[in-house]
Amino acid sequence: MEMLALLAYVLHATLIAAYPSGAPNRACPGLLPLHRGTAPQGTNAPYRIGVSSLQYAPNMPITVTIHANDQSLPFMAFLLQARVKGNNSTSVGQFSQPPVSTKLLTCFSSGDSITHSSAQPRVMLQMTWMPPTRDMGQIEILGTVAQSKQIYFGVLSSGALSFSGSSSPPAGTSAPNPEGTAEGAGMGGAATSPYTTVVTTLLSAALMTSCTLLMR
């Protein structure tokens with residue numbers, strides 16, 4: 001038991017030494033660790049990047065989640081960034097309100113990336129990403145998730161997010177009435193035209209005159 005405890009301590013200390021304060025800025029272009037003698041794993045990743053919506057719009061925060069498919073394989077480190085699909089030269093949007101033990105990273109613009117700030121085993125982590133204020137085409141949340149210094153998986157993708165402009169009227173306003181529908185018709189009833197009112201009045205007057213003559 002003492003030997004196992006010592007081994008666990010050494011392993012944890014090694015991981016902390018490998019990831020003391022998150023990914024460095026030099027990892028930004030490729031979104032991969034720059035550890036000597038290592039390379040991304042070629043097998044299916046035991047981790048995935050999920051998003052709360054596959055559509056983005058201005059001022060609509062999106063929750064980005066790193067999941068471990070197997071809880072016995074927690075991840076220790078990560079680096080995430082959003083990019084236009086097929087364009088690796090720049091980032092889009094920005095992350096906000098980083099969770100505990102994470103921090104924002106400035107790669108191409110302020111807060112455009114997020115990484116760990118200390119090495120802690122996790123099986124799930126949720127973050128908030130704010131999309132750009134205009135249509136940038138399809139966007140992917142990309143990144144690398146590391147199990148240890150030697151074992152990491154990347155570059156992983158959330159899948160493509162498409163722009164969706166809101167078609168709903170702003171809060172506090174009502175949709176315009178359909179053409180030909182009168183204001184104030186009420187409960188779905190048809191509006192009364194001036195011509196109908198005049199005819200009804202004349203018919204009522206004629207009927208009253210006839211009744212008066214018959215009663216004489």
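A residue is called buried here when its relative accessible area is under 20%, exposed when it is over 50%, and partly exposed in between, with a 1.4 Å probe and protein chains only. The model is predicted, so local features need pLDDT of at least 70 and side-chain atom pairs count only at pLDDT 80 or more, while totals for chains, interfaces and linings use all residues. Residues are numbered from 1 along each chain as its sequence is written, and side-chain values use heavy atoms, with hydrogens and water left out.

By the rule that a disulfide is a pair of cysteine sulfur atoms within 2.5 Å, the count is one. C28 and C107 form this link, with 1.9 Å between their sulfur atoms. The torsion about the S-S bond is -65°, which makes the link left-handed. C28 sits in the loop between α1 (2-18) and β1, and C107 in the loop between β6 (102-105) and β7 (113-116), so the bond ties together parts 79 residues apart in sequence. C28 counts as buried because its relative accessibility is 4%.

Helices (H or I, at least four residues) and strands (E, at least two) are DSSP runs numbered from the N terminus, and two strands pair if DSSP finds at least two bridges between them. Four strands make an open sheet in the order β1-β3-β8-β5, with antiparallel pairing. At the edges stand β1 (47-51) and β5 (94-96); each has a single partner strand, so one side of each lacks a neighbour in the sheet.

For β5, the antiparallel pairing with β8 (residues 124-130) runs over three bridges. F95 has W129 of β8 as its bridge partner.
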